[in-house]
Amino acid sequence: MRSQPLPGEASRRRAEEQFKTTKKVNSETKANTPSRLAEAAKTARLRALRLAKEAADKDTANRGAAAAKTRRPERRRRVRRPQASTPEHK
């Protein structure tokens, strides 16, 4: 068992902590840039349009299915085939 961590481990741990805090600060500032906000608005608009289209397609499909159920099938007419002529027996 080691009683104290190696010097390299302590340095590495400090560097990782510094990296994490820097990364967090950078991600927070980048999230509020005008281009990011414009991208988010565009994505939200496109998502809303896609959801509206999917809902309209689903509604159309449901109406078509309901109309098909209510429609009565047309009666089929029987068409008589001409009877095969039987050869006369001589």
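Buried means under 20% relative accessible area, exposed over 50%, and partly exposed in between, with a 1.4 Å probe and protein chains only as cover. This is a predicted model: local features need pLDDT of at least 70, side-chain atom pairs count only at pLDDT 80 or more, and totals for chains, interfaces and linings use all residues. Residues are numbered from 1 along each chain as its sequence is written, and side-chain values use heavy atoms, without hydrogens and water.

The chain has two helices and zero strands. Helices (H or I, at least four residues) and strands (E, at least two) are DSSP runs, numbered from the N terminus. Of the 90 residues, 0% are buried. The accessible surface comes to about 9,900 Å², and 54% of that belongs to carbon and sulfur atoms. Such areas come from the Shrake-Rupley method with a 1.4 Å probe; for residues, only the protein chains shown count as cover.

The structure holds four salt bridges. Each puts a side-chain nitrogen of Lys or Arg within 4 Å of a carboxyl oxygen of Asp or Glu. Among them are these:

| Salt bridge | N to O distance |
|---|---|
| Arg50 and Glu54 | 3.4 Å |
| Lys53 and Asp57 | 2.9 Å |
| Asp59 and Arg63 | 3.4 Å |

Arg50 and Glu54 lie in helix α2 (residues 34-70), four residues apart, about one turn. Lys53 and Asp57 are also four residues apart in helix α2, about one helical turn. Asp59 and Arg63 are likewise separated by about one turn of helix α2.

Now the accessibility. Arg50 is partly exposed at 43%, and Glu54 is partly exposed at 43%. Lys53 is exposed at 52%, whereas Asp57 is partly exposed at 42%. Asp59 is partly exposed at 35%; Arg63 is exposed at 60%.
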